Amino acid sequence: MTDVLIVVAHPDDAEIAMGMRMHDHALIGDHVRVHCLSPGASTPEGAERRRSECLAAGALLGVAEYSFSRIPDNEFVERRVEINRELFRAFRERRPDVVYTHFPYDQHLDHRITADEVTTAALREADDLCYFRSPYSHDFEPNLHFVGTPDLLAAKQAALACFTSQQQLDMAVFSGLTELAYRQHVHHRVVEHFPDDAHGAEMFRTARQIVHASRPAAARPETRHRPQYHTSGTRPPPDQ
C-alpha cells in the first residue's frame, strides 16, 4: 500500500486539481490523506461548512483522512514559520511515500508559498514529490498525464458538487478542463492510441521520483549467506 499525502492551501484545491487521481489511488488500496493549510473561511461557522464539504467530497473519492491547519487565507507570507511547523507535524504523523502539492509558479500567493514550503519538507520526509496543475498555474509543462475513465470523471464531478459554498467558482468549467486541457500537451496521434474508455486527464509535473532496482535472489536474506559447494569445476544445481 502506498501512503499518499496531498497538501493544499485551501479546501477544494485537491479535488479540482486531481480528483480522479485521488479516487484511483483509493481504488487500488492506497491510503490517501489530504491536509489543508487553511480552513478556507474566516469564521468558525464558515470553516465548519468548508470542512463538511471536504468530508462529503472525500467520502465519494475514498479519501481516508482530511486534516486542517488554521493559517488564515491571504496571510501565508506572514505565517511561513508556522506553516513550516505545521507541515513537519503533518508529515511525521504518518510518513508519506508520495506527496502532491501546488505547482510553485501560481498566480495565487497562498498556492506559491504552499508549494515552496511543502517542497522543503517533502524532499526531506518523502520519496516522491509531484506538483499538480491548478487553474492559476502558469508556465506549467506537465511530464505526467493521468488519463481517467468515465467513472473516475463522474466521481470527480460529484465531489466538486459538494462545495456548494464556492458560488464564485464554476465547478462545471473545471470539469470541462479535465476533459479537454490535456490535448494542449498530447499530440492527437498519441491520443488515437488511448484505450476506448479513456476520458479526460489530470496533469502533473514530477519533482522527484525514486525507483529502487529489483533485487536478485542472492541478495535476499534467506539466500545471502548460503554456502556454495563446487565439485570438479561444476556449478551447483539451481535452487528448486
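Guide: Before we start, contact here means heavy atoms within 4.5 Å. This is a predicted model, where local features need pLDDT of at least 70, side-chain atom pairs count only at pLDDT 80 or more, and totals for chains, interfaces and linings use all residues. Residues are numbered from 1 along each chain as its sequence is written, and side-chain values use heavy atoms, with hydrogens and water left out.

Visitor: Thanks! What does S67 touch, not counting residues up to four places away in sequence?

Guide: S67 touches V34, H35 and C36 on that count.

Visitor: And which side chain makes a polar contact with the side chain of S67?

Guide: That of H35, at 2.6 Å. A polar contact is a pair of N or O atoms within 3.5 Å; within protein, one must be able to donate a hydrogen and the other to accept it, and residues adjacent in sequence count only if both atoms are side-chain atoms.

Visitor: Is S67 buried or exposed?

Guide: S67 is buried, with a relative accessible area of 15%. Buried means under 20% relative accessible area, exposed over 50%, and partly exposed in between (1.4 Å probe, protein chains only).

Visitor: Switching to S38, which side chain does its side chain join in a polar contact?

Guide: The side chain of D73, at 2.3 Å. A polar atom of the S38 side chain also lies 3.0 Å from the backbone nitrogen of G40. S38 is buried, at 1% relative accessible area.
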